[in-house]
Amino acid sequence: MCDYCDCRLIPEIGALSIEHERVLSLMATLRRLDNAEPSPAIAEESTRLLTELRVEFAPHTRREEVGLFSMFDEVGIDADYTKRFADDHVDIADLLERSATDHGAITDLLDRLDRHILEEETDVYPAARQLFSAAHWAEVHDRLGAAGITHHAHENSTMQTELT
């Protein structure tokens, strides 16, 4: 994970990064299982982990799209930039669904998620850190609240509320 610009000190980014860490942990276990000798127990555990990934994925991507991506539009970032990441969300959701019945798709899913998370952590989040003012972050927070989007309970409550 990237930590060169302290973007994780911004609560919205910090919470998203914590979710990425949880997803990466699930992915590491799923990758080990995918490389193991097939068995009913391996298949059952893989199915359980895929379910956990789906549970994490939908609310996470909604937070990104309603919060960060919509604010990128406000600060004048080309729509193609955020569209690429939103399209990735759709493709990954499709791979998640396909992986539930086609365990051969798990490798594609894991590779795609790895790349996607790396790009968000090293590009999207630092860009937001650099481009959004304190007022923008307040607006992101308000948009998330208005959409009924909250952070998971595992959010780090000691993060700073804003950076100047």
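Visitor: What makes F72 count as buried?

Guide: The model is a predicted one, in which local features need pLDDT of at least 70 and side-chain atom pairs count only at pLDDT 80 or more, while totals for chains, interfaces and linings use all residues. Residues are numbered from 1 along each chain as its sequence is written, and side-chain values use heavy atoms, with hydrogens and water left out. Buried means under 20% relative accessible area, exposed over 50% and partly exposed in between, with a 1.4 Å probe and protein chains only; F72 has 0% relative accessibility, so F72 counts as buried.

Visitor: Why is the pair of F72 and Y81 called edge-to-face?

Guide: Rings of Phe, Tyr and Trp (its six-membered ring) pair if their centres lie within 6.5 Å, and planes under 30 degrees apart count as stacked, over 60 as edge-to-face and the rest as tilted. The ring centres of F72 and Y81 are 5.6 Å apart and the planes stand at 80°, so this pair is edge-to-face.

Visitor: How do you know that Y81 is buried?

Guide: Its relative accessibility is 18%, which is under 20%, so Y81 counts as buried.

Visitor: What makes Y81 and F85 an edge-to-face pair?

Guide: Their ring centres lie 5.3 Å apart with the planes at 65°, so they too meet the rule for edge-to-face. F85 is buried as well, with a relative accessible area of 0%.

Visitor: Which residues form the aromatic cluster?

Guide: One aromatic cluster is formed by F69, F72, Y81, F85, F132 and W137.
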